[in-house]
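Let's walk through this one together, starting with the overall build and then zooming in on a few side chains.

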Amino acid sequence: MVAVIEGQEEAGGARYIDFKVSRNPADPDRAIASWRFPDSGIAISESKPGNTMEMELRFAVDCADQHGIPFVCVNDPEELFPPWTRPRISL
């Protein structure tokens, strides 16, 4: 099962995928995301044109599930994709 968490400390030392939310430089009213393995810094993927943030989070959770990673940590300092707007996702 993959859990979506708000801070890396919630992983308690377990592996997690860092889901970084930021403003789209081409459209500041739109949020985009990228996700990576924080321990290696290797990028996994980033937002695709036309995808919603909900879809992108689902892709990150699916990726974590496929790799046996128990957490996806949402890194959203500007609250562009706040917890109360996110779908409840669990695998």
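With 91 residues, a compact globule would have a radius of gyration near 12 Å, and the chain has 12 Å, which agrees; that radius is taken over C-alpha atoms, and the globule rule is 2.2 Å times the number of residues to the power 0.38. The C-alpha trace spans about 35 × 30 × 20 Å along its principal axes. Keep in mind that this is a predicted model, where local features need pLDDT of at least 70, side-chain atom pairs count only at pLDDT 80 or more, and totals for chains, interfaces and linings use all residues. Residues are numbered from 1 along each chain as its sequence is written, and side-chain values use heavy atoms, with hydrogens and water left out.

Follow the sequence and you'll read β-β-β-β-α-β, that is, 1 helix and 5 strands (DSSP runs numbered from the N terminus: helices are H or I with at least four residues, strands are E with at least two).

Now for the rings. There is 1 aromatic pair, counting rings of Phe, Tyr and Trp (its six-membered ring) whose centres lie within 6.5 Å; planes under 30 degrees apart count as stacked, over 60 as edge-to-face and the rest as tilted. Phe19 and Trp35 make up this stacked pair, at 5.6 Å centre to centre with 25° between the planes. Phe19 sits in strand 2 (residues 16-24) and Trp35 in strand 3 (residues 27-37), 16 residues apart. Phe19 is buried at 0% relative accessible area, and Trp35 is buried at 3% (buried means under 20%, exposed over 50%, partly exposed in between, with a 1.4 Å probe and protein chains only).
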